[in-house]
Amino acid sequence: RKGAGHLIGAWLIECARGLALRRVQLEVIHGNDSARKLFESIGFKGFRDLVVLQRAPTAQLPPFTEVDSEPIHVHTCAKLLENYVLDASWVAEPRSILQTGGLTGFALPSGRGWLICCAALDQIEHIVVDPSASRDTARSLLCHLHTRFPAHITTVENIPADSRLVPLYQSLGYTVAFQRLE
């Protein structure tokens, strides 16, 4: 608490300016008031609240009708992600998702919606649901994901707290692991 954080933060912002970066972004865990105050003191402003949701493999799905799906080729996944939400948090930006590995995706027939995620041995992360999908279609996609990967822990990172999908995720057994301020 001797001002080192303030000096380092100010220096990093100057470095960013020197590189002509347009934006410097960070997140702070809710409740870490000293970090939030430090960041505010060097010019950062809170932009939005984000939540990290997790779902255990043992979470039960509500009754649903199974749907047919078609796999999406990895190159098509990359193209869909290019047009993904412009204000995504850094972990949900296409570049971050594509670098994670394990990219998989599937679509419902007749162009009704798609879902892309990164699947590892026992975990699913970086879930992106077609932003134009209706709530019912998003629900079908997520239920299909969990029937396809029933033993996987699932994490949805940095979804805006006011997203229309948060209540849907919670209805499928996701819980808030923690919150961040971006």
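One term first: a residue is buried when its relative accessible area is under 20%, exposed when it is over 50%, and partly exposed in between, using a 1.4 Å probe and the protein chains only. What you're looking at is a predicted model, where local features need pLDDT of at least 70, side-chain atom pairs count only at pLDDT 80 or more, and totals for chains, interfaces and linings use all residues. Residues are numbered from 1 along each chain as its sequence is written, and side-chain values use heavy atoms, with hydrogens and water left out.

**The whole chain**

Start with a cartoon view. The protein chain has six helices and eight strands. Helices (H or I, at least four residues) and strands (E, at least two) are DSSP runs, numbered from the N terminus. Trace them from the N terminus and you'll pass α-β-α-β-β-α-α-β-β-β-α-β-α-β. The C-alpha trace spans about 60 × 30 × 30 Å along its principal axes. Of the 182 residues in the chain, 39% are buried.

Accessible areas here come from the Shrake-Rupley method with a 1.4 Å probe; for residues, only the protein chains shown count as cover.

**Stop 1: a nonpolar patch**

Select Ile8, Trp11 and Leu12. Together they make a nonpolar surface patch with about 340 Å² of accessible area. Patches take residues with over 30% relative accessible area and no salt bridge, joining nonpolar side chains (Val, Leu, Ile, Met, Phe, Trp, Tyr) within 5 Å and like charges within 9 Å. Ile8 sits in helix 1 (residues 4–18) and is partly exposed, at 48% relative accessible area.

**Stop 2**

Most residues other than glycine have a negative phi. Next, select His126, in strand 6 (residues 123–129). His126 isn't a glycine, yet its phi is positive, near 55 degrees. With 16% relative accessibility, His126 is buried.

Then jump to Asn158 in strand 7 (residues 153–160). Asn158 also has a positive phi, about 55 degrees, without being a glycine. Is Asn158 buried or exposed? Buried, with a relative accessibility of 3%.

**Stop 3: salt bridges**

The whole structure holds six salt bridges. Each is a side-chain nitrogen of Lys or Arg within 4 Å of a carboxyl oxygen of Asp or Glu.

Zoom in on Arg36 in helix 2 (residues 33–41). Which residue does Arg36 bridge to with closest N and O atoms 3.7 Å apart? That's Asp33, and because the two are three residues apart in the helix, about one helical turn separates them. Arg36 also meets Glu40 in a salt bridge, at 3.2 Å from N to O. Glu40 and Arg36 are four residues apart, again about one turn of the helix. Arg36 is partly exposed at 25%, as are Asp33 at 40% and Glu40 at 40%.

Now show Glu182 and Arg48, whose closest N and O atoms in their salt bridge are 2.5 Å apart. Glu182 is in the segment after strand 8 (175–181) and Arg48 is in the loop between helix 2 and strand 2 (49–55), so this pair ties together parts 134 residues apart in sequence. Glu182 is buried at 8% relative accessibility, and Arg48 is buried at 15%.
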